[in-house]
Amino acid sequence: MRLVRLTGSAVWYPVLWAILWGALSCFSNAALSQPAKTEPRKTIRLAFPAAETGFDPPRVSDYYSNTVNEAIFERLLTYDYLARPARLAPMTAETLPEVTDGGKTYTFKIRSGIQFHPEPAFGGKPRELTAADYVYSFKRILDPKVRSPWAFMIEGKIIGLDALAATEKQTGKYDYDTDVEGLRALDRYTLQIRLLEPDYNFNYIAAHTPFSAVAREVVEKYGNDTMAHPVGTGPYVLKQWTRGARIVLEKNPEYRGMAWDFAVSEDVDAELVRIMQGKRLPLIDRVEISIIEEEQSSWLAFKRNELDFSGVGSFRSEVFDEKGEMRPAWREQGVKAIRAIDPELTYTFFNFRDPTVGGFEKEKLALRRAIIMAYNREEEIEVIRKGQAVLATMPIPVGVVGHDPRYKPLNTYNPALANKLLDSFGFKRGKNGFRTMPDGSPLLLKYATGTTSLDRQFNELWKKAMDVIGVRIEFQPGKFSDNLKAAKACQLQMWGSAWIADYPDGDNFVQLLYGPNTGQSNNGCYESKAFDALYEASRKLPDSPERNHLFLEMTRQMEVDGAWVLGVSRERNTLIRPWVLGYKKHPVMNATWIYLDIDPAKAP
Amino acid sequence: MAERLHSFEAAAVPEKRGGGFWSLAWQRFRDDRIGVSSLVIVAAFFIMVLLSALGVIAGNWNKEVGIHDAPPDLWGLLTPAVPEAVGNAAQRAAQTMEKTQSMEALPPSTVVDPLAETLVRLRGEDDALPENRIMDPLAETLRSLGADDKTLTVEKEKRASLPFGGDRWGRDVLEKTVKGSQTSIIVGLSAALLATLLGTLLGALAGYYGGRADDVLNWVYNVFSAIPYLLLILAVAAVLQQRGVMTVILILGLTGWTGVFRLIRAEYIKHRGREYVQAAHAFGVPDRRILFSHILPNVSHVVLVKVSLLAVGFIKAEVILSFLGFGVAVDEVSWGSMLNDAQRELILGKWWELAAAGGAMALLVTAFSLLTDAMRDALDPKIRVAP
Amino acid sequence: MTAYIVRRLLQMIPTMLGVVLLLFVLFNWVGGDPAYILAGKISSEAQIANIRHQLGVDRPAYVQIGIFLKQIVTADFGASWSTNEPVSDILKTRLGPSLTVLVPLLVLGTLLAIALSLVVARFRRTLTDRMVMVACTVGMSISILVYIIVFQYVFAFRLGWFPVQGWGDSLWTNLATYAALPILIGLCVGLAPDLRLFRSFMLDEIEQDYVRTARAKGLSETRILWVHVLRNASIPIVTYVMAALPGLLVGAFLIERFFSIPGIGREVLLAVERSDFPVIKAITVYVAVATMFANLAADLIYKAVDPRVELK
């Protein structure tokens, strides 16, 4: 009977539940909004579209973990917030380093009095940042146990450091106490780095987030679990971390602080300078980052005021009209749109070792260039990118040293010409409308792709383009890691990739085409003697007109060879709520919250 | 647990059935008005699938007949086609050109550009490439082919609106939905048949023979059903690599057979002890015939119901597979691929693709499920209770 | 009884071995090489080899399977390959959110389905029965993807009844605000199949002799249903619900992704994407164990309640 009574009321139970639920939600909403006032006043809420991996600078390679690390840890150098093109500025160093020995010796003077955030590993004592911390942190990059994805940036560059890694192979021990000739703390605050070859880009490396200072005590205390225990000298500390869901940063009370002091570089900067100049940073007390993978979810969250920042993504036409003007409904809300073209490039490579599309024979050149001419990037931008991208004309994108807006590309969209070109080289059309190779063997492109709906859109576009020139194309979806593995082994015929600048210099891009980088970053396995000669010549030059000229020649060479289907550089539209002050998109830095302020009068 | 249910039902079915069993069932079915109307709807879908498979209808689903995101308008076919609207790729190209030109027209800078001369050469003289340090082996050919002929493909006439609207490339959503029905229904049915075939075969063997065979097959069943379905699907999808209708069928069929196995195995265990089986055995009828000619017809109604339940489930599962990126290939269309394409468009007010695919699917699945119910009731008189 | 339980427990061992083998084969064959993800965008062969060595994926298969088995026995799956976090920590943090959605969903769904199925059984073969069944079937026939997209847009965004997405720190906040819409969607999708099943359980029971006896005694139809039928039908219902839980744990990934709920399903997708084998292993093993025990428990309850059921 008891069972009966219990279940007898089953009809009403859900109803009661619902009422209870409603009451509860009202109550908790009220309860929620109450403590919000006692919480830190200035909070910024933003979303990442992909999960982070962790917060140990040399260990992580993903964009989002790097972004968080950028705010927690400090580099020797950083970038000027306003200057465009991006310009380096000192961070923990007093000034830019002294470069001597024809670009082979870099000497950094570190500011005294910079403290790490307190941490039990320091034994309760204040812990000052010294040159030795950078020696340690740089050594860590090459420690095989750390397996840093950034090792390539200093591998084979610093005198004696590679030898240290080599000894590990024999002894199994990577000894941090071994003196390395090219990496020394001359005194408490002086760091000297000596290179094997002149490298005019080394300052960019010193400004790169993975090369931040970490404290040896902390790393040794947490061993394998450093990802969850970031301890740095930067303006923010990790307050709360729900892996793959939520990251909360708070102002580091120990941070030395800095003044907002930047010079106008572009017209739009004047307003920023007027509002922000002289303010003591950081002003934002708390940064709340949610991981929202689905675009619809994060967009609606922004529109519902659950976020202060948002990209525009697929929803561009909701915000901007055909002319690119913001629609009145958005203007009325005071939402500001910041547009910037990312220092990045998308491209599809051809595998030069592939029997179908590879090789330097004239008809292969023709095949590749016909394919390039048939692919409609305008439509890619219009339909897939929703108008938020610009055509890439060179392998060096806009905003990166070496890009020349006046360069006129060779292989422009022209399917009619592509068809004629294929005809003239004997790629005959069969009965089914598809072409064969000149020797009569079948012609089939195999395009590696991913599994997202965006990938699908690209495949649709590629299919359309290839149908026009009668080239049969097949798509082979795979996981990113599988595709990468196959690409490095020169086994993918074609694959679309993107490259985001590690530092805003053309060298970071053209190295993707350098023959000896095959198996590392040159996934198309493009080995052109002419190109390699040009590249090697450019390595020996600092940023100069001569080097820019070489970049142009390299571009022409890769176009002639049809090495890549150049893609686009994506335009990033960032929408910000009216109470967020001082924002400007930086091409390299991502964690720019430190430079922001919130206008409490406008805040909700 | 659904399996348990079926075994309850099946238990009461008389094992010896005259030819009258099916005709009785049909009579019962005819009285079920919901069942009959469901049957009509499902039949209509099947005819549509047949016509579309034969290419009679929806043959042009892949043609871009309308402008990008053409809005729905039932009279759309009556409005005249227009040349591709401005504000698209062509205009953008013009803008880019304009931008480049205005850049070149900047007032002379005081900065000396040592590259200026090179750049003039690079810029204006495609035809004079031999002067460039970079040799272009194709320069001669391209010139003879008329590289200067900048005419792009002739602009086609596009419709400003379509009866059910257009997708992002301007393809007709109505045709896509029809073609998508074909793919989705074929996927659902074939995968259900595959899963049922597998499950029935293994279940029959395990149930009939028992002993070692049962142990082994049961073990396989246990292993398959212990691994989370999502992981199983992801793994099988990764093994199969290629994309296409066939792959989707295989993924669903190979992972979905366990329910049938359990059900059929229980049925065979029950039947193997029955007199008619013992008798056949005594007469020396080969096992193969006992398994599939004697017992199978007696459990076929269970199988039939299971097939249609699975088909409904798989049609829905195809959407999830598409979401996970394991849907049909690029030159095919299914309800799943349409829903995933349209995922972000609702917010932009472009509801038609989502509505068309989602509505068509809801209609078919509802009809199919109700048909299954009616079928089950008709085949299983025991359930029918006088009020 | 004890002997039976012991035998069933022993039977789990070969099943577990099978799971291990299948998982190992599938994910080593097709799971992608984690080294290429961890190595970053530019890597040399030496770095790849170094990473593979550290992860232990360069060892012979039997050694790796041996390690896997040891991990199962010790319930220690080591650290995630991509984040270095202990796998047990990952699962601990993920289980809570998953259950916060699933338990209320399951409880509400079951109670609603029971109530409705009794109503439907009471009015079986009448218009009410038909209407409820058709309505539920329509509800079930709409793709969950459509539900999520439309409900998120309409109820969370347009009407503002729920937050669009997110997850808080306190159980009550989560239950009251963030989990509400996901649970509603879960009900729409899941109610109809449950209702159909429960309805057939009820109809099954109505056929039994005791119902006839009760009717003969002159008990009211309502009483017969709500007392006698329900009592007996509750057995298959309870076992069904128990058996459903482990599968749901991973199956809610779509909801978890759209509503940014840090649950197990989302973690599975992430782990597969990153080829994070330790996480995949751990989740599979735990779900497999949970499935096996849920099945065993279901069978035992059966036995306990209905002695006629033969355990073999």
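Okay, before anything else: pLDDT is the predictor's confidence in each residue, on a scale from 0 to 100. We need that here because what you see above is a predicted model. Take chain C: its mean pLDDT is 85, and 96% of its residues reach 70 or more. For the model as a whole, ipTM is 0.85 and pTM is 0.84.

Let's talk about aromatic rings. For a pair of rings, we give the distance of the centres and the angle of the planes. Over all chains, the count comes to 51 aromatic pairs. One of them joins A:Tyr174 and A:Tyr176, with 5.1 Å centre to centre and 80 degrees between the planes, an edge-to-face pair. Why do we call A:Tyr174 buried? Its relative accessible area is 8%, and buried means under 20%. A:Tyr176 counts as buried too, at 13%.

Now look at A:Tyr447 and A:Trp462. Their ring centres are 5.1 Å apart and their planes are at 40 degrees, so we call this pair tilted. A:Tyr447 is in strand β17 and A:Trp462 is in helix α15, so the pair ties together parts of chain A that are 15 residues apart in sequence. Both of these residues are buried. Rings can also gather in a cluster: A:Tyr81, A:Trp260, A:Phe262 and A:Tyr595 form one.

Over in chain C, we have charges sitting over rings. The charged end of C:Lys281 is over the ring of C:Phe68, 4.9 Å from its centre. C:Arg122 does this with C:Phe123, at 5.5 Å.

While we're in chain C, find helix α9, residues 180–206. Where does helix α9 bend? At C:Gly190, by about 40 degrees, and C:Pro193 follows within four residues.

The peptide bond between A:Arg84 and A:Pro85 is cis, with omega about -5 degrees, and A:Pro85 is in the loop between β2 and β3. There's also a cis bond from A:Leu281 to A:Pro282, where A:Pro282 is in the loop between β11 and β12.

Then check phi. A:Asp101, in the loop between β4 and β5, has a positive phi, near 65 degrees, although it isn't a glycine. A:Lys386 has a positive phi as well, near 50 degrees, and is in the loop between α13 and β16. Which of the two is exposed? That's A:Asp101, with a relative accessible area of 51%, whereas A:Lys386 is buried at 16%.

Definitions and conventions:
Residues are numbered from 1 along each chain as its sequence is written. Chains are lettered from A and ligands numbered from 1 in the order in which they are written. This is a predicted model: local features need pLDDT of at least 70, side-chain atom pairs count only at pLDDT 80 or more; totals for chains, interfaces and linings use all residues. Side-chain values use heavy atoms; hydrogens and water are left out. Rings of Phe, Tyr and Trp (its six-membered ring) pair if their centres lie within 6.5 Å; planes under 30 degrees apart count as stacked, over 60 as edge-to-face and the rest as tilted. Buried means under 20% relative accessible area, exposed over 50%, partly exposed in between (1.4 Å probe, protein chains only). Helices (H or I, at least four residues) and strands (E, at least two) are DSSP runs, numbered from the N terminus. A charge sits over a ring if NZ of Lys or CZ of Arg is within 6 Å of the ring centre and within 35 degrees of the ring normal. The bend at a residue is the angle between axes fitted to the seven residues ending there and the seven starting there.
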